[in-house]
Amino acid sequence: MNDNPITIEIDEGSGFCFGVVTAIDKAEAALKQDAELYCLGDIVHNSDEVKRLADKGMTTITHDDLNRLHNVRVLLRAHGEPPSTYATARTNDISIIDATCPVVLKLQQRIKESHAEGASIGRQIVIYGKPGHAEVNGLVGQTDGHAIVVQGIDDLDKIDYSRDVDLYSQTTMSLSGFKEMISEIERRMQPSATFRSFDTICRQVANRVDSLRRFAADHDLVLFVSGKKSSNGKFLYTECHAVNTSTRLISDENDIDPAWLTDVRRIGICGATSTPRWLMERVREHVGSMLPLID
């Protein structure tokens with residue numbers, strides 16, 4: 001047996017961001033008042049946390065379900081919603097518990113005002129983000145569906161460079177990707193049009209990249225815990241793997257291959273902004289129970 005002790009460390013900076021914490025707190029408070037509560041979409045992109053709240057009585061619904069429901073309570077998650085969702089709620093006498101992240105809410109308002117000011121002169125609202133993502137749908141809704149969504153360089157052909165452009169970003173996109181978009185749009189703009197860019201990336205999320213990379217580099221094996229639906233999880237996992245190829249993406253402790261634990265002394269556990277702390281702790285306990293069988 002190796003005399004060097006095996007350490008299992010959870011990254012202190014990983015786990016729920018402020019917006020997700022607030023949404024879950026509001027859901028739990030509402031469930032204590034009344035057992036019946038609906039949530040429009042997964043409250044967080046982590047199936048274990050969704051199941052935990054479902055066991056307490058929260059039912060996840062789709063927008064089609066929302067159209068059919070009447071006289072119920074519906075929680076709007078941190079991602080935010082377009083104006084049409086609020087209109088449906090008013091029509092169907094649905095009581096809204098709004099857990100939209102304050103950062104997202106502020107961004108929605110900025111985009112709404114930008115669209116109102118520039119629509120008459122043909123200004124284009126461009127959003128750097130993932131098409132179909134819940135937050136992006138809410139942002140596009142502030143422009144009556146007219147905003148142009150771009151995720152990569154190939155999408156920039158959608159823009160008319162002879163007209164003014166205002167560029168915003170989904171709050172969880174990468175800073176480097178946003179800067180790349182700015183440079184390419186600036187290169188393509190025609191002299192007759194103006195281009196403005198607004199850095200609307202959440203720093204609580206963006207600042208995790210450097211700390212996570214340092215954490216990953218400091219361990220022999222990294223277990224990155226994230227739900228399969230989490231865009232933030234996929235992005236942060238890629239950042240960890242870039243500095244440590246022994247980074248493994250897992251949904252929970254059942255995904256751990258015992259072979260990964262052979263000949264490692266420093267094991268790090270981290271996760272996305274949608275990964276609950278209790279799940280990372282469960283992974284740590286499971287790894288600890290496996291080590292006597294490996295070492």
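These are my notebook entries on a predicted model of one protein chain.

**Entry 1: the whole chain**

I began with the overall count. The protein chain has 11 helices and 12 strands. I then took the extent along the principal axes. The C-alpha atoms fill a box of roughly 75 × 50 × 25 Å. Next I looked up burial. Of the 295 residues, 53% count as buried. I also checked how far apart in sequence the contacting residues are. Among contacts with a separation of 6 or more, 73% join residues 24 or more positions apart.

**Entry 2: α1 against α2**

I looked at helix α1, residues 18-33, and helix α2, residues 47-55. Their axes are 11 Å apart and meet at an angle of about 20°. Angles under 35 degrees count as roughly parallel, so α1 and α2 are roughly parallel to each other. The crossing of α1 past α2 is right-handed. I listed the residues that touch. From α1 they are I24, E28 and L31. From α2 they are E49, R52 and L53. I sorted this contact by class and got 3 nonpolar, 3 charged and no polar residues.

**Entry 3: α9 against α10**

I noted a right-handed crossing for α9 and α10. On the α9 side I found V209, L212, R213, A216 and A217 in the contact. On the α10 side I found F235, L236, E239, C240, A242 and V243. By class, the contact of α9 with α10 has 9 nonpolar and 2 charged residues, and no polar ones.

**Entry 4: the nonpolar cores**

Which residues have the most contacts inside the largest nonpolar core? I found I159, L167 and I185, in a core of 19 residues. I then asked which elements supply this core. At least two residues each come from β6 (124-128), β7 (148-150), β8 (165-169) and α7 (175-188). Helix α7 gives the most, with 4 residues.

I followed I159 further. Beyond its neighbours within four places in sequence, I159 is in contact with Q124, V126, I148, V165 and I185. I also found a second, separate core of 17 residues. Among its members are L223, V225, V283 and M290.

**Entry 5: I267**

I placed I267 in strand β12, residues 266-271. Is I267 buried or exposed? I267 has a relative accessible area of 0%, so I logged I267 as buried. I then listed what I267 touches, leaving out residues up to four places away in sequence. I6, T7, I8 and E9 are in contact with I267. I267 and L223 are 44 residues apart in sequence, with their C-alpha atoms 7.6 Å apart in space.

**Entry 6: α6 and its cover**

How many of the 8 residues of helix α6 are buried? I counted 7, so I logged α6, residues 134-141, as mostly covered. The buried ones are A134, E135, V136, G138, L139, V140 and G141. I looked for what covers them. The cover includes α4 (83-91), α5 (102-118), β6 and β7.

H115 lies in helix α5. Its relative accessibility is 14%. Buried means under 20%, so H115 counts as buried. Apart from neighbours within four places in sequence, H115 is in contact with I125, Q142, T143, D144 and H146.

T91 lies in helix α4. At 62% relative accessibility, T91 counts as exposed, since the cut-off for exposed is over 50%. T91 and S120 are 29 residues apart in sequence and 30 Å apart in space, C-alpha to C-alpha.

Methods:
Residues numbered from 1 in each chain as written. Predicted model: local features only at pLDDT ≥ 70, side-chain atom pairs only at ≥ 80, totals over all residues. Heavy atoms only, no water. Axes fitted to C-alpha atoms, helices over the stretch in contact; angles between N-to-C directions. Parallel < 35°, antiparallel > 145°, perpendicular 65-115°, else oblique. Left-handed = near helix turned anticlockwise from the far one by under 90°. Contact = heavy atoms within 4.5 Å. Nonpolar A, V, L, I, M, F, W, Y, C, P; charged D, E, K, R; others polar. Core = buried A, V, L, I, M, F, W, Y, C linked by side-chain atoms within 4.5 Å. Buried < 20%, exposed > 50% of the residue type's maximum accessible area, 1.4 Å probe, protein only.
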